[in-house]
Amino acid sequence: MSLLTDTPARQMLCASNQMATDLEEVQFTVQEGPCITAAETGEQTHLTDWNAGARQWPLFTAGFREKHPDVQGVHAFPLWFGDYVLGSVDVATRVPGGLTGDAIEQATEAVDAVAQALLPAQQMLLEEDEYPPWEPAGVLRAHWSDTHCAIGVVAVKEEINTDDALALMRAQAFATGRTLAEITADILRT
């Protein structure tokens, strides 16, 4: 589950297991994938044809399929509140063909309930200096604060703007097969 912010980046709020964490981490690193498309368009995005997915999101598809070749479908749902998209939720499945129509309907209802529950917390999440106290804590810390600090370090060191610093970090993550969170940790250790 990811929350939109006033920056081009989304912020992960939670992941239910390692596969969900990997799903979000790959999208966070390469800045493309079903969750990002759902948040940008406000429409559900269903990936069950990996060849088509490779054409639409080549970096995401390659990175995620390498880690989880058994996943058959990824379904992304925007978190709507009225006319405003708060974020998005991904659901990955190992079932051939992805989720059924009934399961998609149930997921849509669940995501709508989550959006209602998150609305009161949205402003607090965006204004707090600390990352949310949710799990997995290390990944969330990387998404909420550490990555932003590392971007500043790279921008100053390389004498470039912050957008270019983030692009440089993402390129390094993709080139090395590591996550953006791992690249961030390396930068902040030095």
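Throughout these legends, buried means a relative accessible area under 20%, exposed means over 50%, and partly exposed is anything in between (1.4 Å probe, protein chains only). The views come from a predicted model, in which local features need pLDDT of at least 70, side-chain atom pairs count only at pLDDT 80 or more, and totals for chains, interfaces and linings use all residues. Residues are numbered from 1 along each chain as its sequence is written, and side-chain values use heavy atoms, with hydrogens and water left out.

View 1. Helices (H or I, at least four residues) and strands (E, at least two) are DSSP runs, numbered from the N terminus. Let's start with Gln31, in the loop between helix H1 (18-30) and H2. Is Gln31 exposed or partly exposed? Its relative accessibility is 26%, so Gln31 counts as partly exposed. With 72% relative accessibility, Glu159 counts as exposed. As background, most residues other than glycine have a negative phi.

View 2. Helix H2 spans residues 34-41 and is mostly covered, with six of its eight residues buried. Those buried residues are Pro34, Cys35, Ile36, Thr37, Ala38 and Ala39. Just after H2 comes Gly42, with a positive phi of about 75°. Now look across to Ser88 in strand E5 (residues 84-93). Ser88 has a relative accessible area of 1%, so it is buried.

**View 3. The E3, E4 and E5 strands, with pairing of E3 to E4 and of E4 to E5.** Two strands pair if DSSP finds at least two bridges between them. Strand E3 (residues 45-47) runs antiparallel to E4, and three bridges join them. Which residue in E4 is the bridge partner of His46? That partner is His75. E4 also pairs with E5, again in the antiparallel sense, over nine bridges. Among the residues involved, Leu79 has Gly87 in E5 as its bridge partner. The hairpin of E4 and E5 has two residues between the strands, and Gly82 in the turn takes a positive phi of about 65°. Strand E4 itself (residues 73-81) is mostly covered, with seven of its nine residues buried.

**View 4. The largest nonpolar core and helix H8.** A nonpolar core is a set of buried Ala, Val, Leu, Ile, Met, Phe, Trp, Tyr and Cys residues joined through side-chain atoms within 4.5 Å. The largest one has 12 residues in all, including Phe28, Ile151, Met169, Ala173 and Leu180. Helix H6 (137-158), helix H7 (162-176) and H8 are the elements that give two or more residues to this core. A second, separate core of 11 residues includes Val30, Trp57, Phe64 and Val74. In helix H8 (residues 180-189), the buried residues are Leu180, Ala181, Ile183, Thr184 and Ile187. They cover an arc of only 160° around the axis, so they sit on the same side of H8; the arc is that of the directions from the helix axis to the C-beta atoms.
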